[in-house]
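Please look through the sequence and the structure below before reading on. The report that follows is meant to be read with both in view.

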Amino acid sequence: MNKDWSEKNKKMQALISKEATFDEGIKLLIELRTELFEQISFIVKTFPPVAFYQLPFGDGEGNHCTTLAWSLWHTFRIEDIVSHELILKNKRILFDGGWQEKTSSPIITTGNELAGDTLIEFSKKLNIKATYDYCKAVMDFTNEMLEHLKFEDLKKTFTGEDRERLVESKCVSSDERASWLIDYWCGKNIKGLIQMPFSRHWIMHVEAMQRIKNKLCQQAKKGVDQIAYCGLSCGHCFLTSWCGSCRTIYNTCSYAISSPDGVCPNTACCKEKGLDGCYECDELYNCKKGFYALGKDTNAIRVMALFIQRHDKKELLKVMDTIHSKKKFEKIQEVLGYDVEEGLKILEEWRGN
Ligand code: SF4
Ligand code: SF4
């Protein structure tokens with residue numbers, strides 16, 4: 001589990017356990033949820049539609065053996081049921097907001113009963129943009145509820161009537177993979193529900209989503225040219241575990257995700273000019289587009305592209321392998337310095353190693 005999130009979660013639990021620090025604990029809980037939701041927003045905004053119904057880890061056990069679409073639906077459907085149908089008894093965001101129609105979801109349940117092909121089929125049907133909006137609506141309503149919670153509310157438990165209401169709502173499938181959920185939730189007090197599903201459950205599924213998206217990126221990169229359009233080597237890049245390369249639809253490089261159309265300016269320019277990469281361009285040395293606009297801080301990228309221009313891609317990959325096997329660093333910028341000619345000289349020296 002992500003150390004920061006896990007520590008924040010532990011600290012939050014300790015804070016809400018004492019009346020004097022309860023408000024601080026709720027504040028921390030909302031902060032943690034905001035951080036986790038940022039990860040979700042990043043995935044929804046940067047990954048292509050096809051990514052949301054892939055099952056890259058197959059149909060096994062574990063939270064990562066699902067799809068991105070299912071993870072979104074499941075996490076927030078559970079929160080909607082628990083916070084609004086169980087705790088508040090009368091608010092039902094999915095139905096009140098017309099979200100089932102908007103999301104095109106064929107189910108109103110938590111999705112625990114789905115696996116394999118049925119899980120993929122369900123994921124294909126979901127309108128991801130609307131599902132994300134539903135998730136946001138659920139989070140906002142729950143946050144509001146949490147902000148109004150009092151320390152004494154934490155001990156509140158649930159009755160047989162509450163249980164019956166959930167059963168009758170049919171929000172949880174009667175399938176044995178799902179039906180246990182009602183007894184599980186009803187057996188907890190509100191303090192227990194803050195852990196599952198309002199915090200730890202989020203951490204588990206956001207982490208699973210990260211694993212799924214990283215795996216999709218690795219799969220996308222297989223067999224693809226490992227030299228990026230700008231001249232960087234994807235295999236040696238410090239973002240390699242979570243970026244699927246600018247030569248695939250899984251490009252999550254920092255420039256691509258900050259460009260309005262999701263395409264890095266260097267990639268767009270090369271495609272427009274019909275070039276394999278910036279190393280084929282006469283304007284490379286003085287270019288000020290995309291990564292090259294950042295000047296000294298990205299000097300290494302221009303240096304690598306110029307090195308390819310002087311030699312070839314294979315030679316750059318060979319030198320990069322050598323540098324990485326003999327030197328410890330995170331970004332190649334740390335090795336190649338802030339001057340083009342100096343950087344080229346450094347690469348030539350390593351070439352002789
Ligand atoms: S950030 Fe650029 S170099 Fe790094 S993996 Fe992504 S496309 Fe490749
Ligand atoms: S003009 Fe700049 S961004 Fe465009 S291909 Fe040439 S070097 Fe790359």
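This is a predicted model: local features need pLDDT of at least 70, side-chain atom pairs count only at pLDDT 80 or more; totals for chains, interfaces and linings use all residues.

Residues are numbered from 1 along each chain as its sequence is written, and chains are lettered from A and ligands numbered from 1 in the order in which they are written.

The domain assignment, whose bounds come from an automatic or database source, gives domain 1 (3–214) and domain 2 (225–351). Their C-alpha centres lie 40 Å apart. Where the two meet, 5 residues of domain 1 are in contact with 7 residues of domain 2, a contact being a pair of residues whose C-beta atoms, placed from the backbone, lie within 7 Å.

A nonpolar core is a set of buried Ala, Val, Leu, Ile, Met, Phe, Trp, Tyr and Cys residues joined through C-beta atoms within 7 Å; a residue is buried if 20 or more other C-beta atoms lie within 10 Å of its own, exposed if 12 or fewer, and partly exposed in between, with C-beta atoms placed from the backbone. The largest such core has 86 residues, and those that touch the most other members include Leu 68, Cys 135 and Cys 230. Helix α3 (residues 68–87) gives the most to this core, with 10 residues, where a helix is a DSSP run of H or I with at least four residues, numbered from the N terminus. Because domain 1 (3–214) and domain 2 (225–351) both give residues to this core, it lies between them.

Tyr 134 lies in helix α7 (residues 128–148), and it counts as buried because it has 26 C-beta neighbours inside 10 Å. Leaving aside residues up to four places away in sequence, Tyr 134 touches Phe 76, Trp 99 and Thr 103.

The table gives the classes of residues around each ligand, that is, residues whose C-beta atom, placed from the backbone, lies within 6 Å of it. Ala, Val, Leu, Ile, Met, Phe, Trp, Tyr, Cys and Pro count as nonpolar, Asp, Glu, Lys and Arg as charged, and the others, Gly among them, as polar.

| Shell | Residues by class |
|---|---|
| Ligand 1 | 8 nonpolar residues, 3 polar residues, no charged residues |
| Ligand 2 | 7 nonpolar residues, 2 polar residues, 3 charged residues |

Among the residues around ligand 1 are Cys 234, Cys 237, Cys 243 and Cys 246, while those around ligand 2 include Cys 269, Lys 273, Glu 283 and Lys 289.

Terms used: Helices (H or I, at least four residues) and strands (E, at least two) are DSSP runs, numbered from the N terminus.
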